[in-house]
Amino acid sequence: MTEGELFCLLGPSGCGKTTVLNLLAGFLTPTGGTLTLDGRPIAGPGVDRAVVFQSDDSLFGWLRSIDNVAFGPRMAGVPRDRRNAVAREYLKLVHLDGQEDKYPGELSGGMKQRVQIARVLANDPKILLMDEPFGALDAQTRTRLQDELVDIWGKTRKTIFFITHDIAEAVLLADRIGVMTQGPAARLREIIPVTLARPRRRGSPGFGEMWERINALIEDDAATESLT
């Protein structure tokens, strides 16, 4: 990945996408080779990387939205007034201004994911690692959050590593798409630049052709796998 890039890793279930994310996050240690960030090996979790999960149960149910978002700065010793100002800034960025005093149990699934995104941004990481964050949402909410993520990325220029098994989602979001083969001996088959103009829609010129190109790669891999 390059700095400021929105990179999507695409592949079927069981191909190891989440394992790659866990390696980047420092939750797992590679059995071979080296992963580096800014030229330094990744030896474990760090404040320069933050993870947004598909599940919303990583939020603290006993804390209000503003306190969930301010939790990282609080642990870093940031004074209350400053950390609350930071939390309000990022809640506004994810369109949750006015929801600061709500608890997770009072929020919809999409709103909880927005709180998760605001919380990781409040820690000012270099890289956001996103593990199918919209996979459990209904189609309408998912589409809206895809648009909002691109908007947030455009404003913050954070490097984003985004996992998905949805070709259309990858084409909508990514600067480049890494296509993985099927597991268990999965590998990165190809990295495809997405040069379509932003903002993108499923009906945008070239969208269908890009979808077909990636789908052909995946189907070819599936056919090859069935013959072995």
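Domain bounds here come from an automatic or database domain assignment. The model is predicted: local features need pLDDT of at least 70, side-chain atom pairs count only at pLDDT 80 or more, and totals for chains, interfaces and linings use all residues. Residues are numbered from 1 along each chain as its sequence is written, and side-chain values use heavy atoms, with hydrogens and water left out.

The protein chain is divided into domain 1 (1-48 + 125-227) and domain 2 (59-124). Their C-alpha centres lie 25 Å apart. To the contact (heavy atoms within 4.5 Å), domain 1 gives 16 residues and domain 2 gives twelve residues.

Eight helices and eight strands form the secondary structure of the protein chain; helices (H or I, at least four residues) and strands (E, at least two) are DSSP runs, numbered from the N terminus. The radius of gyration, taken over C-alpha atoms, is 18 Å, close to the 17 Å from the globule rule for 228 residues, so the chain is as compact as a globular protein of that length. That rule is 2.2 Å times the number of residues to the power 0.38. Along its principal axes the C-alpha trace spans about 60 × 40 × 30 Å.

Of the contacts in the protein chain with a separation of 6 or more, 69% are between residues 24 or more positions apart. Buried residues (under 20% relative accessible area, 1.4 Å probe, protein chains only) make up 46% of the 228 residues. The accessible surface, from the Shrake-Rupley method with a 1.4 Å probe, comes to about 11,600 Å², and 52% of this belongs to carbon and sulfur atoms.

Notes
Buried < 20%, exposed > 50% of the residue type's maximum accessible area, 1.4 Å probe, protein only.
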